[in-house]
Amino acid sequence: MENAWDIQKIQEVLPQKYPFLFIDNVLEIDKKQEKVICLKNVTVNDYFFKGHFPGNPILPGAIIIEAMSQASIILFSVFKPEVAKKKPDYYLAKVESRFLKPVRPGDQLILEAKKEKMLQNAGIVKATAKVNDEVVAEAHIMFGVKQKDEK
Amino acid sequence: MGEKNFEQIKKEIKSMISEIIEVSESKLTEDARFVEDLDVDSMRALEIVASIEKKYKVAIPEDQIRTLRSLKNIYDLLEKSIKK
């Protein structure tokens, strides 16, 4: 699989860092269809599996939302590069989500974020997460974007 | 869209906004100011705009969003763009 971005660029754009960075790869940036496709490799080494749940590792739904939100930030940076360049804060405003199948260690989580609306200071994104071409979760995500010096 | 009575559209919009901002339709008068009277924040304002755009297939430019300060402003804007 060819990568659209290397990990360095991902880390430049996403304010989240280890152990809260949930995008390993950006596989595709499709400006025409207004979407990005990202990848998170789910591994048993991920720290939260120790507790979620002992002996029965399942990727927490909240982490799937976070991964979809991070894919949404990447999408935002594609459409508003001049805003993203200034390293703003991104904060969630509203999430509507549905979880369809459990995700376990060994799965490759494919995260697609599709633009619904992008403003200078906010975005609305339709996100889906798939494993083996099957949708495991979907979400409608609204987020705000604020420069650090703004009140 | 031309066939649809604008009064009907107004009703739909009011009920949609009432749901988004969680304010009863009786409190959501035409002149109530979203921010000052109804406590609507910028993200909910964006949600209103996005829902209207989706439902009525109109585009509301970013710089117009802050001019939509009450239900009446929204009706006026839509009346212009729908009847065009």
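Buried area is the accessible area, taken with a 1.4 Å probe, that two parts lose on being put together, summed over both. In this predicted model, chain B and chain A bury about 890 Å² between them, and 65% of that area lies on carbon and sulfur atoms. On the side of chain B, the residues that lose the most area to chain A are B:Met43, B:Leu46 and B:Glu62, which together account for 58% of what that side buries.

**Interface between chain B and chain A**

- Ten residues of chain B are in contact with 14 residues of chain A.
- Three salt bridges are counted between chain B and chain A, among them one that B:Lys54 forms with A:Glu116, where the closest N and O atoms are 3.9 Å apart.
- Three residue pairs are found in polar contact across this interface, with both residues of each pair at pLDDT 80 or more.
- The elements that give two or more residues to the side of chain B that touches chain A are α3 (42-56) and α4 (62-65) of chain B, and α3(B) gives the most, with seven residues.
- Sorted by class, that side of chain B has six nonpolar and four charged residues, and no polar ones.

**Largest pocket**

- The largest pocket has a volume of about 660 Å³, and of the 27 residues that line this pocket, A:Asn121, B:Ser42, B:Ala45, B:Ile65 and B:Arg66 lie nearest its centre.
- At least two lining residues each come from β6 (134-146) of chain A and from α2 (34-38), α3 and α4 of chain B, with α3(B) giving the most to the lining, at six residues.
- By class, the lining of the largest pocket is made up of 15 nonpolar, three polar and nine charged residues.

**Second largest pocket**

- The second largest pocket holds about 310 Å³ of space, and the closest to its centre among its 14 lining residues are A:Lys94, A:Glu96, B:Ile20, B:Glu47 and B:Ser51.
- By class, the lining of the second largest pocket has five nonpolar, three polar and six charged residues.

Technical notes: Residues are numbered from 1 along each chain as its sequence is written. Chains are lettered from A and ligands numbered from 1 in the order in which they are written. This is a predicted model: local features need pLDDT of at least 70, side-chain atom pairs count only at pLDDT 80 or more; totals for chains, interfaces and linings use all residues. Side-chain values use heavy atoms; hydrogens and water are left out. Contact means heavy atoms within 4.5 Å. A salt bridge is a side-chain nitrogen of Lys or Arg within 4 Å of a carboxyl oxygen of Asp or Glu. A polar contact is a pair of N or O atoms within 3.5 Å; within protein, one must be able to donate a hydrogen and the other to accept it, and residues adjacent in sequence count only if both atoms are side-chain atoms. Helices (H or I, at least four residues) and strands (E, at least two) are DSSP runs, numbered from the N terminus. Ala, Val, Leu, Ile, Met, Phe, Trp, Tyr, Cys and Pro count as nonpolar, Asp, Glu, Lys and Arg as charged, and the others, Gly among them, as polar. On a 1 Å grid over the protein atoms alone, a cavity is a set of points where a 1.4 Å probe fits but cannot get out, and a pocket is an open set with protein on both sides within 12 Å along at least five of seven lines; lining residues have an atom within 4 Å of a point. Grid points are joined across faces, edges and corners, and a volume is the space filled by probe spheres set on the points.
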